[in-house]
Amino acid sequence: FLRGGVVLDRKARGANPCNEWLSEEAWDNISELDKLNQVFAGFSSAFEQQSSEWQEWYQSDMKGGEPPEKLDLPGELLSQGSDYEKKFRKMMIVRCLRPDRVNYA
């Protein structure tokens with residue numbers, strides 16, 4: 001959680017489908033989180049399928065809106081589990097995508 005995902009070989013991971021707004025470091029974190037356990041399985045493919053929704057979430061505070069940690073996440077990642085599990089998963093996703101917002105999550 002503190003250091004983020006470490007990718008040893010970027011050629012082995014999939015290409016960043018949102019490279020116009022998502023950094024390679026964030027994509028590394030997403031790719032590694034996708035491999036963590038079944039809860040996050042398919043997380044990276046969500047960016048291919050719902051890229052505009054994720055971009056809107058990612059940039060929400062940059063457009064004068066609510067900060068991303070205050071908004072619901074796109075997709076179904078938080079549809080199962082206890083409230084504690086959902087909050088922790090959301091914090092992990094905020095850490096992957098917007099480490100500048102972790103303290104507020």
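Predicted model: local features only at pLDDT ≥ 70, side-chain atom pairs only at ≥ 80, totals over all residues.

Visitor: Why is Asp 28 called buried?

Guide: Buried means under 20% relative accessible area, exposed over 50%, and partly exposed in between, with a 1.4 Å probe and protein chains only. The relative accessibility of Asp 28 is 6%, so Asp 28 counts as buried. Asp 28 is found in helix H1, residues 24-34; helices (H or I, at least four residues) are DSSP runs, numbered from the N terminus.

Visitor: How do you know that H1 is mostly covered?

Guide: Of its 11 residues, 8 are buried, among them Trp 27, Ile 30 and Leu 33. The buried residues of H1 pack against H2 and helix H4 (83-97), where contact means heavy atoms within 4.5 Å.

Visitor: What makes Phe 43 and Trp 54 an edge-to-face pair?

Guide: Rings of Phe, Tyr and Trp (its six-membered ring) pair if their centres lie within 6.5 Å; planes under 30 degrees apart count as stacked, over 60 as edge-to-face and the rest as tilted. By this rule the count comes to 7 aromatic pairs. One of them joins Phe 43 and Phe 47, edge-to-face at 5.4 Å centre to centre with 75° between the planes. Both residues lie in helix H2 (residues 43-49), 4 residues apart, about one turn of the helix. As for Phe 43 and Trp 54, their ring centres are 5.6 Å apart and their planes stand at 75°, so this pair is edge-to-face. Because Phe 43 lies in helix H2 and Trp 54 in helix H3 (residues 51-58), the pair ties together parts that are 11 residues apart in sequence. Phe 43 and Trp 54 are both buried.

Visitor: Which residues form one aromatic cluster?

Guide: The cluster consists of Trp 27, Phe 40, Phe 43, Phe 47, Trp 54 and Trp 57.

Visitor: Why is Cys 18 called buried, and why Cys 96?

Guide: Cys 18 has 0% relative accessibility and therefore counts as buried. Cys 96, at 8%, therefore counts as buried.

Visitor: How many disulfides does a search of the whole structure find?

Guide: The search finds 0 disulfides, a disulfide being a pair of cysteine sulfur atoms within 2.5 Å.

Key: Residues numbered from 1 in each chain as written. Heavy atoms only, no water. Helix = DSSP H or I, 4+ residues; strand = E, 2+ residues; numbered from the N terminus.
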